[in-house]
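These are my notebook entries on one protein.

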Amino acid sequence: MTLRFIIVPGWRDSGPGHWQSLWAERLDGAVRVQQDDWVAPARDAWVASIAKTILQQDEPVVVIAHSLGCIATTHLPKEATDRISGALLVAPADPERRAVLSDFAPVPYQQLPYRSILVASSNDPFCPVRLAGAYARAWGSEFVRMQNAGHINIESGHGEWPLGVALLQSLAGDVSFSASTVHFSSSSSFGNLETA
């Protein structure tokens with residue numbers, strides 16, 4: 001089965017060198033969601049952009065979301081979620097912690113109708129790991145807890161992020177990266193990992 005990968009950045013977008021940006025360039029079948037306003041996000045506009053991107057694809061999609069992108073993904077309407085075969089939800093945000101993100105609260109607490117893996121860090125400054133675990137339970141997501149991985153972004157040392165590639169492969173089967181692909185040489189990239 002051919003899949004399309006929908007990359008859903010979070011608040012302020014994912015800049016150069018962020019694993020989402022690298023994957024968008026190198027992952028065959030990747031489409032990156034664009035938002036009109038990355039700085040002052042509005043839930044209706046963000047959700048509509050993600051849904052439109054999903055519905056434009058001819059193939060089933062796998063969502064690859066980071067931070068606020070995870071929360072926006074959980075707000076998608078049924079016609080979009082019906083097209084999703086799986087989702088990798090990384091470092092979800094807590095929209096109740098920051099006023100600028102409050103339009104995305106309350107966070108939906110119902111099971112997602114597709115397989116999902118939620119990855120969270122023990123010291124994420126934007127979402128306590130206990131809250132991320134509560135999201136995973138509510139959404140029916142497999143929960144991967146990383147030790148001291150920050151917000152799982154460039155600032156916390158996660159560029160190409162080979163563990164994320166492995167998780168994506170477990171979710172979507174064989175995934176194909178272009179020739180300048182992710183290198184698996186650094187064992188430190190995996191960090192300490194717990195699954196539940």
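I began with the secondary structure and found six helices and seven strands (DSSP runs, H or I of at least four residues for helices and E of at least two for strands, numbered from the N terminus). I noted that the model is predicted, with pLDDT of at least 70 needed for local features and 80 or more for side-chain atom pairs, while totals for chains, interfaces and linings use all residues. Residues are numbered from 1 along each chain as its sequence is written, and side-chain values use heavy atoms, without hydrogens and water.

I then looked up burial (buried means under 20% relative accessible area, with a 1.4 Å probe and protein chains only). Of the 196 residues, 53% count as buried.

Next I turned to helix α5, residues 129–139. Eight of its eleven residues are buried, so the helix is largely enclosed by the rest of the structure. I listed them as V129, A132, G133, A134, Y135, A136, A138 and W139. They pack against α3 (68–74), β4 (84–90), β5 (115–121) and β6 (142–146), where contact means heavy atoms within 4.5 Å. G140 follows α5 and has a positive phi, near 75°.

Last, I examined the largest pocket, which holds about 370 Å³ of space. A pocket is an open set of points on a 1 Å grid over the protein atoms alone, where a 1.4 Å probe fits, with protein on both sides within 12 Å along at least five of seven lines; lining residues have an atom within 4 Å of a point. The volume is the space filled by probe spheres set on the points, which are joined across faces, edges and corners. Of the 18 lining residues, W11, D13, H151, N153 and E155 are the closest to the pocket's centre.

Conventions:
Buried < 20%, exposed > 50% of the residue type's maximum accessible area, 1.4 Å probe, protein only.
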